[in-house]
Amino acid sequence: MPKRLNDMIVAKQAVLPTATSGALTPIAIDATGYSRARFIFSFGSGAGTTAAVAAGSAAWQASTSGDTYIPITGADLPATTSGLISGNARIFIVDVPVSPSYPWLKASGTINSSTINNACVVELYDGVNRPPSSPEYTVVVV
């Protein structure tokens, strides 16, 4: 049976597309059963001329959905200076391991100065004990 992308990766919305300034509004993601998570942040595209992305942790983790989320070490977004992302789309990708003890994830980020378009998707991959989910069957005749 051929492998399909959706057998290996599950994409989930981590921050809904919006135009805002200040802290991003994350969505809790249950990454149970996966060993890696790739956060894909999108900023810009028609933003104000003074918009900037603050430096800070991009991915946070917790043991349960309602627990206190803590930053994942090394999962930092770089600071993007004022005007660099204005009118241009900028993509930041942060790839992190998923700890079995802390499988709940959230995206984090802060936009300074002016409103900017933003969104974030997380791709969960390298499933642990996850059989393929495609509906195809193979008939074996003995």
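Visitor: What makes the charged end of R38 count as sitting over the ring of Y125?

Guide: The charged end of R38 lies 4.4 Å from the centre of the Y125 ring, and a charge sits over a ring if NZ of Lys or CZ of Arg is within 6 Å of the ring centre and within 35 degrees of the ring normal. This is a predicted model, in which local features need pLDDT of at least 70 and side-chain atom pairs count only at pLDDT 80 or more, while totals for chains, interfaces and linings use all residues. Residues are numbered from 1 along each chain as its sequence is written, and side-chain values use heavy atoms, with hydrogens and water left out.

Visitor: Why is N118 called buried?

Guide: The relative accessibility of N118 is 4%, so N118 counts as buried, a term that means under 20% relative accessible area, computed with a 1.4 Å probe on protein chains only, with exposed over 50% and partly exposed in between. N118, found in strand β11 (residues 110-127), also has a polar side-chain atom 3.2 Å from the backbone oxygen of I116.

Visitor: Why is the pair of F39 and F41 called stacked?

Guide: The ring centres of F39 and F41 are 6.4 Å apart and their planes meet at 25 degrees, so the pair is stacked; rings of Phe, Tyr and Trp (its six-membered ring) pair if their centres lie within 6.5 Å, and planes under 30 degrees apart count as stacked, over 60 as edge-to-face and the rest as tilted. F41 and F43 are likewise a stacked pair, at 6.1 Å centre to centre and 5 degrees between the planes.

Note on methods:
Helix = DSSP H or I, 4+ residues; strand = E, 2+ residues; numbered from the N terminus. Polar contact = N/O pair within 3.5 Å; in protein donor to acceptor, adjacent residues only side chain to side chain.
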